[in-house]
Amino acid sequence: MPTSNILPATIVSNPVTKTALTVANIKASAGSLLGLSVNNTSGTPVYIQFYNTAGTPTLGTGVVFSIPCLIGITHVPIGTFAIANFSTGIGIGASTSPLSTGSPAVAPVVTVFFQ
């Protein structure tokens, strides 16, 4: 049985890019996180927090999981399976630690690939 790393084009939504991210709603209904790219130009690591919400999240409150992003560009490539599924909606935020309410001194530019 042949295998492929390429997803059918029909399942990948147009990516959403948030410049100077603090918190944002990516999708206001159920969805799947497929990939992520973060450009962190601050002098310290940032954490991208993910929330299961249809609205704009509150930083550090109700975090489902977070991804650490070192200085520079961090890619979580689109793969065969979704990174995470959200039953209500997809919210994101940038913070100074995995669960904190502190915003980074320089907000990152984040591109989210979702369905």
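So, serine 37: leaving aside neighbours within four places in sequence, this residue is in contact, meaning heavy atoms within 4.5 Å, with Ile73, Thr74, His75, Val109, Val110 and Thr111. And this is a predicted model, where local features need pLDDT of at least 70, side-chain atom pairs count only at pLDDT 80 or more, and totals for chains, interfaces and linings use all residues. Residues are numbered from 1 along each chain as its sequence is written, and side-chain values use heavy atoms, with hydrogens and water left out.

Where does serine 37 sit? In strand β3, residues 31-40; strands here are DSSP runs of E, at least two residues, and helices are H or I runs of at least four, numbered from the N terminus. Buried or exposed? Serine 37 is buried, at a relative accessible area of 17%; buried is under 20%, exposed over 50%, partly exposed in between, with a 1.4 Å probe and protein chains only. Its side chain also makes a polar contact of 3.1 Å with that of histidine 75. That term is for N or O atoms within 3.5 Å, one able to donate a hydrogen and the other to accept it, and residues adjacent in sequence count only if both atoms are side-chain atoms.

Zooming out: the protein has nine strands and zero helices. Of the contacts with a separation of 6 or more, 79% are between residues 24 or more positions apart. Buried residues are 37% of the 115.

Now confidence. The mean pLDDT, the predictor's confidence in each residue from 0 to 100, is 88, and 89% of residues score at least 70. Over residues 1-10, though, pLDDT is below 50, and that stretch has five contacts beyond near neighbours in sequence.
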